Amino acid sequence: MNEDLKVNLSGLPRDYLDAGAAENVSAAVSSQVPVVEPEPELVVNPWDIVLCTSGTLISCENAIVVLIIFHNPSLRAPMFLLIGSLALADLLAGIGLIINFVFAYLLQSEATKLVTIGLIVASFSASVCSLLAITVDRYLSLYYALTYHSERTVTFTYVMLIMLWGTSICLGLLPIMGWNCLRDESTCSVVRPLTKNNAAILSVSFLFMFALMLQLYIQICKIVMRHAHQIALQHHFLATSHYVTTRKGVSTLAIILGTFAACWMPFTLYSLIADYTYPSIYTYATLLPATYNSIINPVIYAFRNQEIQKALCLICCGCIPSSLSQRARSPSDV
């Protein structure tokens with residue numbers, strides 16, 4: 001009874017006092033416990049969506065080429081092996097872009113970043129090297145026309161494939177083996193986690209291969225013009241026919257080389273002069289055209305080929321159009 005009098009000095013009911021004390025205690029506890037803020041909603045970069053869409057288109061388009069070459073035993077010539085290598089490299093590049101989007105927003109970790117960037121570097125390197133190998137093969141097929149279809153050419157093709165894929169895989173393994181900027185942000189290039197030195201090596205290698213392709217295509221152009229002139233003389237063609245055929249061959253080579261340069265040159269030069277401090281929008285704006293090269297490659301190198309066109313028609317409609325079966329190969333088809 002005395003304890004009740006000491007506690008209830010204000011004359012208020014005990015229930016009211018107990019409720020007030022509980023509120024004071026809860027307020028004191030809440031002031032000591034840190035407030036947990038709700039996690040921010042996942043914001044998707046529109047550029048990443050565009051890259052993922054581009055990767056999906058690349059994968060679907062090049063998967064068709066790979067399946068056509070794989071399921072047709074007649075397409076085992078060196079030229080088709082190199083086209084298949086190009087399609088496979090572009091297919092892996094498209095898959096890499098899709099995986100990069102998934103890992104960036106769902107499975108964020110250093111390991112996934114390294115694996116993804118390694119796959120993208122290896123696949124795009126194999127794509128560019130396959131383009132160079134196709135250029136070399138076209139040059140040899142014209143310069144050594146009489147001895148091109150031999151076992152030696154097949155062996156040389158396999159050697160080129162082993163070398164280009166071995167080199168590309170080694171370049172892709174560099175970030176995984178430790179050549180990355182995850183521990184030192186100051187060494188990052190425009191594409192994290194590649195280092196500036198790694199990006200510089202890739203860019204210089206691309207410029208070297210582009211210069212080599214340019215030189216080879218100039219020689220191919222000279223050979224095509226000479227062959228067209230010889231055929232014109234043998235069949236008593238008019239000079240106008242010779243001019244049209246030569247112009248078509250030169251235009252084809254210009255489209256091939258010009259497309260390659262337009263797609264890859266912006267990102268290559270940007271990688272040499274920029275680093276991680278530059279706005280990321282510039283990286284996306286120059287990297288996106290480079291992915292378009294993998295979309296255009298099947299159109300230039302695969303779907304324009306008569307044999308692949310015939311195989312595709314057989315798969316789609318079960319017949320070969322007469323326009324394809326009667327078409328003859330000309331010196332401009334390079």
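How far apart are the end C-alpha atoms of residues 47–70, and what percentage of the span is helix? I looked this up first. The ends lie 34 Å apart, and the span is 100% helix and 0% strand. Helices here are DSSP runs of H or I, at least four residues, and strands are runs of E, at least two.

I note that the model is predicted, with pLDDT of at least 70 needed for local features and 80 or more for side-chain atom pairs, while totals for chains, interfaces and linings use all residues. Numbering starts from 1 along each chain, and side-chain values use heavy atoms, without hydrogens or water.

**Record.** I checked UniProt. The unreviewed entry lists "transmembrane region" at several spans, including 47–70 and 156–179. Such annotations may be inferred rather than shown by experiment. Residues 156–179 come out at 88% helix and 0% strand, with end C-alpha atoms 32 Å apart.

**Helix pair.** I took helix 5 (residues 110–143) and helix 6 (residues 151–176). Their axes come within 8 Å and cross at roughly 155 degrees. The two are therefore roughly antiparallel (over 145 degrees). By class, their contact has 18 nonpolar, 5 polar and no charged residues; Gly counts as polar here.

**Cysteines.** I searched the whole structure for disulfides (sulfur atoms within 2.5 Å) and found 1. Cys 181 and Cys 188 form it, with sulfurs 2.0 Å apart. The link is right-handed, at 95 degrees about the S-S bond. Cys 181 is buried at 0% relative accessibility, and Cys 188 is buried at 1%. Buried means under 20%, exposed over 50%, partly exposed in between (1.4 Å probe, protein chains only). Cys 263 is buried at 6%, whereas Cys 60 is partly exposed at 48%.

Terms used: Axes fitted to C-alpha atoms, helices over the stretch in contact; angles between N-to-C directions. Parallel < 35°, antiparallel > 145°, perpendicular 65-115°, else oblique.
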